[in-house]
Amino acid sequence: MSRAARPHLPMRPLWRCRNCGAEWPCQPARLALLVEYRQDRTALLVYLSTLMAEAGAQLSQLNGQAAPADLTERFLSWARAR
């Protein structure tokens with residue numbers, strides 16, 4: 001009996017992966033998102049932008065300061081068309 005793979009989803013408000021604990025989107029989550037949105041990169045970027053705004057608000061509340069500066073790199077830079 002094999003165990004089903006657990007998805008790499010964000011743990012809010014920390015924005016860490018529920019599966020591996022890395023900053024979300026982790027590498028497995030990025031790959032899954034690229035596969036899911038392979039026909040519509042624009043929709044992927046809109047989706048990630050929405051999540052980045054949510055993460056920024058939640059992380060700034062947790063930290064008591066401005067959102068982390070690396071959110072654009074973390075959420076969007078890797079997903080842009082090459």
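Predicted model: local features only at pLDDT ≥ 70, side-chain atom pairs only at ≥ 80, totals over all residues.

Trainee: Which residues of helix α1 are buried?

Mentor: The general idea comes first. An α-helix has 3.6 residues a turn, so residues three or four places apart point the same way. In the present case, helix α1 spans residues 27-36, and A29, R30 and L33 are buried. Seen down the axis of α1, these buried residues fall within an arc of 100°, so they line one face of the helix.

Trainee: What do the buried residues of α1 pack against, and which exposed residues does the face turned away carry?

Mentor: The buried residues pack against α2 (41-63) and α3 (71-75). Exposed residues Q27 and L31 lie on the face turned away from the buried side.

Trainee: How many aromatic pairs does the structure hold?

Mentor: A pair of aromatic rings is described by the distance of the centres and the angle of the planes. The structure holds four such pairs. One of them, W15 with F75, is edge-to-face, at 5.8 Å centre to centre and 65° between the planes. This pair links distant parts of the chain, 60 residues apart: W15 lies in the loop between β1 (10-11) and β2 (16-17), and F75 in helix α3. Both W15 and F75 are buried.

A further pair, Y37 and Y47, is stacked, with 5.9 Å centre to centre and 20° between the planes. Y37 belongs to the loop between α1 and α2, and Y47 to helix α2.

Trainee: Is Y47 buried or partly exposed?

Mentor: Y47 counts as partly exposed because its relative accessibility is 35%, whereas Y37 is buried at 19% relative accessible area.

Definitions and conventions
Residues numbered from 1 in each chain as written. Heavy atoms only, no water. Buried < 20%, exposed > 50% of the residue type's maximum accessible area, 1.4 Å probe, protein only. Helix = DSSP H or I, 4+ residues; strand = E, 2+ residues; numbered from the N terminus. Arc of directions from axis to C-beta. Contact = heavy atoms within 4.5 Å. Phe/Tyr/Trp six-rings, centres within 6.5 Å; stacked < 30°, edge-to-face > 60°.
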